[in-house]
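Welcome! Take a moment to look at the model, then read on.

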Amino acid sequence: MHVLKSLIRQPSALFGLLVVLTVIILALAAPLIAPFDPDNQLFEGLSLEGAPLPPGGQFLLGTDTLGRDLFSRLLYGARTSLVIGLVANGIAVTIGLFIGIVAGYLRGFFGNVLMRFTDLMMAFPALLLAIVLAALLRPSLWIVAMVIALVNWVQVARIVYTETRGLVERDFIMAERSLGAGHGRILFLHILPHLMPTAIVWGTLGIATTVLLEATLSFLGIGVQPPQPSWGNIIFESQSYFQAAPWLVFFPGAIILLTALAFNLVGDALRDILDPTQRGRG
Amino acid sequence: MALLFLRRIVQTALILLGVAAITFLLLYALPADPARMIAGRSATAQTVANIRHELGLDQPLLSQFGTYLGNLLHGNLGRSYAQKTEVWTLIVARLPATLTLMLAGIVVEVVLGLTLGTIAALRRGGPVDRLVMMASFVGVSAPQFVVALLLLYLFAVTLGWFPMSGYGTFAHVVLPATTLGVLGAGWYARMVRSAMIDVLNQDYVRTARAKGLSSRRIILRHALPNAILPVIAMIGIDIGQFMGGVVVVEAVYGWPGIGQLAWQAIQQVDIPIIMGVTLTSALAIVLGNLIADLIAPVIDPRIRTR
């Protein structure tokens with residue numbers, strides 16, 4: 001409650017929150033709102049010369065090169081983006097939490113190996129790795145989510161590791177240990193709760209990264225495959241037409257930008273609110 | 001110092017070895033079959049098997065990796081499957097284009113980021129500050145391919161100021177470099193702003209002000225060098241970001257660099273090229289971090305004594 005109140009008090013965070021909620025509602029209610037079937041190639045969706053129709057009139061945001069309603073495709077595309085955003089980022093944060101917490105708690109040889117592995121992943125060009133993996137696997141929604149998760153956990157692991165190391169040194173953990181608590185109890189009941197703010201912040205910021213990454217992969221044609229609509233592959237499909245039909249690039253592009261921006265704004269505000277070093281100031 | 005240097009070299013070598021091992025494992029574990037790609041769809045099973053034997057793909061994974069590492073130690077990245085050329089030659093031929101693009105991208109992001117961040121810090125809390133911070137958020141959230149297509153539409157198609165695509169003159173580099181730099185500029189503006197605010201509150205800045213120095217001199221000579229440190233550290237990490245971004249930017253602008261080479265290789269399952277580009281990128285990232293570490297003491301004397 002306190003967090004929500006602080007969020008609403010900042011205009012930029014409020015804006016972000018409203019956009020996030022709107023996107024979620026639109027995605028959930030896509031079948032109710034969409035005026036047309038997103039995959040239906042409408043005869044009246046193309047001009048007499050076979051060109052896509054500009055925005056306005058019967059088709060709110062115009063039609064694409066196959067005569068499908070762009071607005072409906074964008075609505076269903078929101079589902080794709082959000083599902084991948086939540087799933088991929090959820091997995092990434094979970095892996096990051098697990099590796100960071102274990103490495104930070106165990107330290108020693110095993111912890112060291114885990115962190116060196118994380119360092120190694122930092123030296124990997126993430127987007128390049130994702131592009132290679134996505135291109136060589138037969139892409140589907142779930143493969144794309146896995147690929148994104150596989151490249152995105154590294155940053156979370158680093159931060160969680162540093163925080164866990166700090167926590168392990170604290171007196172309350174020492175006290176707990178001298179009371180005879182086992183590793184599991186200490187990890188899950190005492191350390192994990194302290195890492196929740198970090199997980200929430202990165203869970204939010206990471207969705208922005210994920211949405212952008214999915215759009216990029218789909219734009220290159222190696223993400224979510226048409227006809228299943230995704231904001232990235234709508235642009236991929238109409239890229240060669242974009243001089244004649246710029247709205248096919250601008251609307252999806254603006255929506256990707258707006259969504260990533262909204263998650264970034266909320267995540268950034270959450271970081272200010274939840275960051276332990278900020279707490280108790282005023 | 002020599003020991004430290006040696007340690008860094010060993011570390012770098014280990015990281016590259018690790019990157020090579022992981023990439024190799026991933027590429028060979030994937031279902032895509034390079035022999036089938038080369039042979040074409042209509043080839044017989046025998047032809048595919050022959051090609052597989054020719055490329056050494058029928059050897060056990062570990063011995064393949066051993067051969068690859070042995071060649072790597074001799075500076076040999078192998079031959080491209082599709083183009084039959086040395087991978088190293090292909091990469092070297094593309095390197096100048098990508099380095100030009102990356103360098104121009106770094107200039108764009110550093111200049112934009114420093115200027116905007118400094119202005120925002122000086123106007124802290126005001127409308128200019130808020131505008132700059134919002135803009136930096138937009139920059140960070142903008143997908144590169146959308147920025148690329150947008151710039152192309154505005155400045156190449158509509159206004160005709162810059163060419164649509166290609167390579168060679170200064171005009172060609174402006175749009176791709178801007179696309180590449182927008183993202184980093186957003187981060188830098190935010191970082192410089194907060195570092196600048198910290199620095200401007202320090203006693204020595206107040207002293208400088210009390211001495212009667214012009215605010216221009218205080219900012220440029222006293223505050224900025226201290227606020228610039230996090231940016232230098234970031235440039236190293238940035239190079240990694242760039243290597244991915246370069247694939248997208250080069251694809252949209254038809255820029256004949258390493259990104260394009262990688263992109264073609266990925267589509268043809270040309271594993272030696274993919275390996276080569278990944279290793280080159282990893283090397284660039286590690287070198288970028290190393291250079292950042294070396295430059296930091298030159299700018300900040302406090303690190304030298306540490």
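## Chain A as a whole

In chain A, among contacts between residues at least 6 apart in sequence, 71% join residues at least 24 apart; two residues are in contact if their C-beta atoms, placed from the backbone, lie within 7 Å. This is a predicted model, in which local features need pLDDT of at least 70 and side-chain atom pairs count only at pLDDT 80 or more, while totals for chains, interfaces and linings use all residues. Residues are numbered from 1 along each chain as its sequence is written, and chains are lettered from A and ligands numbered from 1 in the order in which they are written.

What is chain A built from? It has 11 helices and 0 strands, where helices (H or I, at least four residues) and strands (E, at least two) are DSSP runs, numbered from the N terminus. Its C-alpha trace spans about 80 × 45 × 30 Å along the principal axes. Of its 282 residues, 44% count as buried. A residue is buried if 20 or more other C-beta atoms lie within 10 Å of its own, exposed if 12 or fewer, and partly exposed in between, with C-beta atoms placed from the backbone.

## Annotated parts of chain A

An unreviewed UniProt entry places the feature "domain: ABC transmembrane type-1" at residues 78-267 of chain A. UniProt positions are given in the numbering used here, feature names are shortened, and annotations may be inferred rather than shown by experiment. Over residues 78-267 of chain A, the chain is 83% helix and 0% strand, and the end C-alpha atoms are 19 Å apart.

For "transmembrane region", the unreviewed UniProt entry lists several spans of chain A, including residues 142-161 and 244-266. Residues 142-161 of chain A are 100% helix and 0% strand, with the end C-alpha atoms 28 Å apart. Residues 244-266 of chain A are 87% helix and 0% strand, and there the end C-alpha atoms are 36 Å apart.

## An open helix in chain A

Is helix α8 (residues 171-178) of chain A largely in the open or buried? Of its 8 residues, the number buried is 0, so helix α8 of chain A lies largely in the open. Just after α8(A), A:Gly180 takes a positive phi of about 100°.

## Chain B as a whole

Now for the partner. Chain B has 14 helices and 0 strands, and its C-alpha trace spans about 85 × 55 × 30 Å along the principal axes. Buried residues make up 39% of the 306 residues in chain B. Among contacts in chain B between residues at least 6 apart in sequence, 71% join residues at least 24 apart.

For chain B too, an unreviewed UniProt entry lists spans under "transmembrane region", among them residues 12-30 and 134-155. Residues 12-30 of chain B are 95% helix and 0% strand, with end C-alpha atoms 27 Å apart. For residues 134-155 of chain B, the figures are 91% helix and 0% strand, with the end C-alpha atoms 23 Å apart.

## Two packed helices in chain B

Two packed helices are described by the angle between their axes and the distance between the axes. Helix α5 (residues 87-122) of chain B and helix α8 (residues 170-200) of chain B pack at an angle of about 35°, with their axes 5 Å apart. Axes are lines fitted to C-alpha atoms, for helices over the stretch in contact, and angles run from 0 to 180 degrees between N-to-C directions. By class, the contact of α5(B) with α8(B) has 21 nonpolar, 8 polar and 3 charged residues. Ala, Val, Leu, Ile, Met, Phe, Trp, Tyr, Cys and Pro count as nonpolar, Asp, Glu, Lys and Arg as charged, and the others, Gly among them, as polar.

Helix α8 of chain B also holds B:Asp198. Why is B:Asp198 called partly exposed? B:Asp198 is partly exposed because 13 other C-beta atoms lie within 10 Å. The C-alpha atoms of B:Asp198 and B:Phe242, 44 residues apart along the chain, are separated by 29 Å.

## Where the chains meet

In the interface, 30 residues of chain A are in contact with 36 residues of chain B. On the chain A side, the elements that give two or more residues are α6 (126-136), α9 (183-219) and α11 (247-274) of chain A. By class, this side has 26 nonpolar, 4 polar and no charged residues.

## Confidence

The predictor gives the complex an ipTM of 0.80 and a pTM of 0.84. Chain B averages a pLDDT (the predictor's confidence in each residue, from 0 to 100) of 81, and 95% of the residues score at least 70. Where pLDDT is low, the predicted coordinates should not be read in detail.
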